[in-house]
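Let us walk through this model together, one part at a time. Keep the sequence and the 3D view open as you read.

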Amino acid sequence: MAEKNLEPIIKERRVFITGNEAVAWAGVAARADIMYGYPITPQNEIMHYWTRLAPKYGKGFLQTEDEISAGFATVGGVLAGKRAFTATSGPGNILMQDSMSMAEMMRIPTVMIITQRGGPSTATVIYSQQETTLTCFGGNGEGIRIVYSTASHQELFDYTIKAFNTAWKYRFPTFVLGDGYQSKMRESLTIYDPVERGIELVPAEPFLGKGGVAGLDRPPVHLRNTYNMEDELYEVVRELVDAYNAVAHEIVEYREMETEDAEILIVAHGIVSRAAEGAVARLRKDGYKVGSFRPITLRPFPAEQLRKCADRAEKMLVVESAEGQLKKLVTDAIYGSTTPIETLFRPGESITVEEIISAVKGL
Amino acid sequence: MDKLREAYVGEYASGKSEIAINRALELHRQGRKVRLVDLDLVEPFYTLRPIKKELEDKGLEVIAWNTGEIIGLGETGTLLKPEMKWALKYGGDVILDIGYGVKGVKVINLLEGLEDERPLKVYAVINVARPMTSTVEEIVEYISTLGKVDGLINNSHLGEETDEEIINEGAYIVTKAAEKLNTPVIATTVAREFAHLVGDKDCMGNPVKILELHMKKAFW
Amino acid sequence: MAVLPPMPKLWYRETKPHKFCPGCGHPLVLKALAYAIEELGIEDRTIFGCDIGCSLLAWDFFNLDTVQTHHGRTTPVMVGIKRARPELICIAYMGDGGGYAIGSQHLVNAAVRNENIMVVLANNTVYAMTGGQMAPTTLPNQKTETTPYGRDPEKTGNPTLGPEMVAAITPDTAYVARGTVAKLGQLKSFFKKGLQRQIEGKGFSFIEVLSGCPTNWRTNAEETWNFLENEMTRYFKVGEFKVPGQVKEDKNE
């Protein structure tokens, strides 16, 4: 029998693994209790490695009948007061929006890892940034959710841990938006025990099954997502949106590179931002006044911060492996800015440093 | 001259394919006929497919799908190409690149000709920078799940951050694990870029083999 | 002082009188269920989940921690809770649409996996809350808003036989029955047997309940009970379909 190590201590060290493995290890590090999932490429190794690790750390796993079930079972796990998570991609991401919309309405702190693949439809299992809109606004509502877009294995590890904390602190469904490249690439990173690093883990608590006899020791908990009147719903949604907006400034994260005097500002997220930053470094050596802005949170979006950089620049270049999904977020954020926006869109295809350099030189 | 039959197995992203390719090319340089077979049935990424042509141009016979040849890899499953089933029936050396997975070496059960008089040697590739094979105990446990293994290869590295420490740590741990498993350490492998960090032998006296890296461009 | 009609202690007084239509079967199902829970003494750890459709009106019905989910998704939510907190007793409550149509994959797979939860499904042969459309359990020739000339099995198939199906796909430790609101004592005993399975950690229980919907059937009391007791039972046999420990005789021996 494997020893049940209920208080996992991951020895801090450099390791050489794939992004999907980094997520599974981060789940252990974040003291996640249970994962619910359904096979889909390129997400599979998150489950492969979670199921290898789970029994060693006394954790749970359930392979469900589809992504609808995996999403709702994750909702159930969280309602029961556990740090529950799921992971999916592409068509699975579509199916999980059903449950994530319930999580938005009821402020259920689910954690979901998305490994973007090509779309629309079944498309490819490889890579894209085409699930940006879906992940940010996939429900039949207002996108009351938090989305971290990672760019490296270290970030997959760091932000998966952070996602549990953010979710349970603010009580909004939280997403880690990766992609097939990040899932499958091999990179070195440091895995660590967040507790040993002094990172406080926000405790989970049950929504249901709170103990005592309901109706005798305490009132029963009755949770719903159905309402009758439009004004009644308006109040509910208003409250959700206000609560979200009130904490958005605490949640937003972004990264700037050489933006102070940048005449050309490249905007990219996720793994494409690595190419953007690589391009900035090389273009700067050649004397180009170029900078880059990377939203790390796509929901909430670092609008004010981007706007400041955009207003200083003479031109912007939005680069993404999708046909304008990031650009929609950008134009919404900087509405009124007169800085012209050029684009480099490659839906479903990777973008290299060289391609960005040549796009900048062609501006 | 006896024809060699070797299979390379190991944990996910441990470097099996890279080592299999280098071994095949090494044998080819010795003037031998070599066939390299992609038997990774779990992972649709980082396989021999994308560099099949390049390897064939170098003189190897490569049995692998062409990426464009089948639709929906990773969606339809990883398919066994009929030629793979007969891969061992060959007049030259055969190198099998076996993917990771809980079934370990059992994938060779899919091949015809195992009962042949020439033994199939199975070598396990270990990178101690991978957290599930980072200690002697973990390696011993892992190898015992694989089935028959004829030797270990220390391929410990940290990608671009590889240093002498990780190579030596790997050599030490893998050698200790091999002692417990009563199996030899075939080699320590080091990428060309880091060859200067070691000599002909690693710190435990195992032979060192230098790897030319081919898999970086083999994503899909 | 107003005198309260007799009702189970488990019924949450603040939300009574309930919102179900006069003559509706749901409150009868929920009464039998309440007594079963009380008699087993599991009020302190029972979680109730309800679906969309009329079953959602039960969202504040009990002195039980309750969650109302999405249409068809109550089963996976309760599975998720049970897997995360096995000490809780989880009951998924739904209608025929939620269990046999939009959520049928969840019912089938929870049953196959022998999930340690209880699913209670009220079968009233119609989609009631959306205005009386055809349900998977609508009887042949029965008129609904989407079968205005009567259900034609040639075109729309035959009514779903849920317990028969679940009995066929569950292991021997499961409990499967079909009760009716016309026999509340029997129904309560079915619920108790199902819950007992879960208490003992032995697996899945599924209880379909034949339930009246006079509002959508447009029937008076006599016609309602006639349809429920005579018409429906001709197609849907009441009784136990799988009882743990009861070995079925092989008639072909």
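Which residues are buried in helix 1 of chain A? They are Gly19(A), Asn20(A), Glu21(A), Ala22(A), Val23(A), Ala24(A), Trp25(A), Ala26(A), Gly27(A), Val28(A) and Ala29(A). Helix 1 (residues 19-29) is therefore mostly covered, with 11 of its 11 residues buried. Here a residue is buried if 20 or more other C-beta atoms lie within 10 Å of its own, exposed if 12 or fewer, and partly exposed in between, with C-beta atoms placed from the backbone. Helices (H or I, at least four residues) and strands (E, at least two) are DSSP runs, numbered from the N terminus. Just after helix 1 of chain A, Arg31(A) takes a positive phi of about 60 degrees.

Before going further, a word on the model and its labels. This is a predicted model, in which local features need pLDDT of at least 70 and side-chain atom pairs count only at pLDDT 80 or more, while totals for chains, interfaces and linings use all residues. Residues are numbered from 1 along each chain as its sequence is written, and chains are lettered from A and ligands numbered from 1 in the order in which they are written.

Now turn to the sheet in chain A. It is an open sheet of 7 strands in the order 3-2-4-5-7-6-13, with mixed pairing; two strands pair if DSSP finds at least two bridges between them. Strand 3 (60-63) and strand 13 (297-299) of chain A stand at the edges with a single partner strand each, so one side of each has no neighbour in the sheet. From one strand to the next, the twist averages 20 degrees. Inside the sheet, strand 2 (residues 34-37) and strand 4 (residues 84-88) of chain A run parallel and are joined by 2 bridges. There, Ile34(A) stands opposite Ala84(A) of strand 4.

Chain A can also be viewed by its domains. The domain assignment, which is automatic or taken from a database, gives domain 1 (13-191) and domain 2 (255-361). Their C-alpha centres lie 26 Å apart. The contact between them takes 22 residues from domain 1 and 20 residues from domain 2, where two residues are in contact if their C-beta atoms, placed from the backbone, lie within 7 Å. On the domain 1 side, helix 5 (132-137), strand 6 (146-149), strand 7 (174-179) and helix 7 (180-184) of chain A each supply at least two residues. Strand 6 of chain A gives the largest share, 4 residues. By class, this side of domain 1 has 9 nonpolar, 11 polar and 2 charged residues. In this count Ala, Val, Leu, Ile, Met, Phe, Trp, Tyr, Cys and Pro are nonpolar, Asp, Glu, Lys and Arg are charged, and the others, Gly among them, are polar.

How do the chains meet? Of the 2 pairs of chains that touch, chains A and C have the most contacts. Chain B and chain C do not touch, and their nearest C-alpha atoms are 21 Å apart. The contact of chains A and C takes 37 residues from chain A and 31 residues from chain C. Helix 3 (67-79) of chain A is among the elements that supply at least two residues to the chain A side, and it gives the most, with 9 residues. That side has 17 nonpolar, 13 polar and 7 charged residues.The strands take part in this meeting as well: strand 9 of chain A and strand 2 (residues 65-68) of chain C run parallel, joined by 2 bridges. In strand 2 of chain C, Thr66(C) is the bridge partner of His222(A). Val221(A) sits in the loop between strand 8 (186-191) and strand 9 (222-223) of chain A. Val221(A) is partly exposed because 18 other C-beta atoms lie within 10 Å. Leaving out residues up to four places away in sequence, Val221(A) touches Phe207(A), Leu208(A), Lys210(A), Asp65(C) and Thr66(C).

Within chain C, helix 2 (residues 74-84) and helix 4 (residues 104-112) pack at an angle of about 35 degrees, with their axes 8 Å apart. Such axes are lines fitted to C-alpha atoms, for helices over the stretch in contact, and angles run from 0 to 180 degrees between N-to-C directions. Thr75(C), Pro76(C) and Val79(C) of helix 2 meet His106(C), Leu107(C) and Ala110(C) of helix 4.
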